[in-house]
Amino acid sequence: MLAKIKHLAETLNPRLIEIRRHLHAHPELSGQEYQTAAYVAGVLSSCGLQVKEEVGKTGVIGQLPGTGKDPRIIALRTDMDALPIQEKTHLEYASSKAGVMHACGHDVHTTVGLGVAMLLSQLPEAELGKVRFLFQPAEEIAQGASWMIKDGAMQDVQAIFGMHVFPSIPARSVGIRYGSLTAAADDLEICIQGESGHGARPHEAIDAIWIAAQIMTTLQQAISRTQNPLRPLVLTIGQISGGRAPNVIADSCRMTGTVRSLHPETHANLPRWIEGIVANICQTYQAKYEINYRRGVPSVQNDTNLTKILEEASRESWDKEQVQILTEPSLGAEDFSLYLEQAPGSMFRLGVGRSGVENYPLHHPQFQVDESCIITGVVTLSYALYKYFQQNL
Ligand SMILES: [Zn+2]
Ligand SMILES: [Zn+2]
């Protein structure tokens, strides 16, 4: 079966490169993936999949019906949106839209998803169950997954796979990760209310800026003294504002930040932990406070069995050095984690690094991929899906 999959992927490859270049030249921002969605729906229908559009606003679902013998549904998620970045690659198929660019490789993801759909639809002898392809909008604003789930995209799904391109892994290689892959990312806003006064008479005022500084310093120190060092936590205050004049004590100060964590228990306790510190400091100096803690996406926790299927599929498909077992997660965030609240899943990193040249990071205006990554992604995922259905119920 693997030889057949590889052969089919080779045959499809020129068409897939064409698709990817078309998508790359026509990027669309989060929630506005109208042309991309129509294009994806067209390709899916032409391979005989059942297609549903406008799932999660601009999302598309294509379902491979399977043989009917196996009732299981397994999902493959790929995201479709681009970023508000002016492309500077000078490729002949560079973005045709000013200020919009596929700088996170979602054009590759969409192409790989279509490639797997095209390949499996030409492989009736694989006797698969149902494969549901989720083409998700608005990943960059961490909204698309929840839109699609709300519209029933995960209904009856037993397991889900996903992937993301990764420029620091060479093309033709994959990075498999057991356990946590990405972090939970929450937004934090703290507003301190003090009392204004003359800059020379601090004892008659409540200095909101100084109290904010105490809070910021204590939060950083408290991470090192009260949080388990084996469970990473990053708290970044990226914005602070307060005060009106150099000689007037500020009556209010506002800070906003991002809070990244990997362990579900750490994540669960964060609002209480932060409020404890803020409340104590404010009480000591008689200030008032308001905290807005907004939960973002949770951490991606890869399921062991499904990760094992991905690893085995990769090991059988590729040489030893092409399969990396990743020892570290990243503190980036990914809304794939929301699907994992509905069903177990696993996401891997698809190597796209080009050899002999500088590889720019994701979200960089000069980000580029080695297009051989497409066939690697298509074979790995097609074979992993096949292997999944080979496993007994
Ligand atoms: Zn991105
Ligand atoms: Zn991305």
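Two residues are in contact here if their C-beta atoms, placed from the backbone, lie within 7 Å. The views below come from a predicted model, in which local features need pLDDT of at least 70, side-chain atom pairs count only at pLDDT 80 or more, and totals for chains, interfaces and linings use all residues. Residues are numbered from 1 along each chain as its sequence is written, while chains are lettered from A and ligands numbered from 1 in the order in which they are written.

**View 1. Pro137 and its surroundings.** Start at the loop between strand S4 (130–136) and helix H4 (144–150), where you will find Pro137. Helices (H or I, at least four residues) and strands (E, at least two) are DSSP runs, numbered from the N terminus. Leaving aside residues up to four places away in sequence, Pro137 touches Ser30, Gly31, Glu33, Gly56, Lys57, Thr58, Gly59, Met80, Asp81 and Gly144. Pro137 counts as buried because it has 30 C-beta neighbours inside 10 Å; the cut-off for buried is 20 or more other C-beta atoms within 10 Å of a residue's own, with 12 or fewer for exposed and partly exposed in between. Look also for Lys52, 85 residues away along the chain from Pro137, with 14 Å between the two C-alpha atoms.

**View 2. Helix H7 against helix H9.** Here the axes of H7 (residues 304–317) and H9 (residues 373–390) come within 9 Å and cross at roughly 125°. H7 is therefore oblique to H9, given that angles under 35 degrees count as roughly parallel, over 145 as roughly antiparallel, 65 to 115 as roughly perpendicular and the rest as oblique. Axes are lines fitted to C-alpha atoms, for helices over the stretch in contact, and angles run from 0 to 180 degrees between N-to-C directions. On the H7 side, the contact is made by Ile309, Leu310, Glu312, Ala313, Ser314 and Ser317, and on the H9 side by Val379, Thr380, Tyr383, Ala384, Lys387 and Tyr388.

View 3. Domain 1 (2–181 + 300–390) and domain 2 (184–297) divide the protein, with bounds from an automatic or database domain assignment. Their C-alpha centres lie 39 Å apart. Domain 1 gives 9 residues to the contact, and domain 2 gives 7 residues.

View 4. The secondary structure comes to 9 helices and 16 strands. Of the 393 residues, 47% count as buried.
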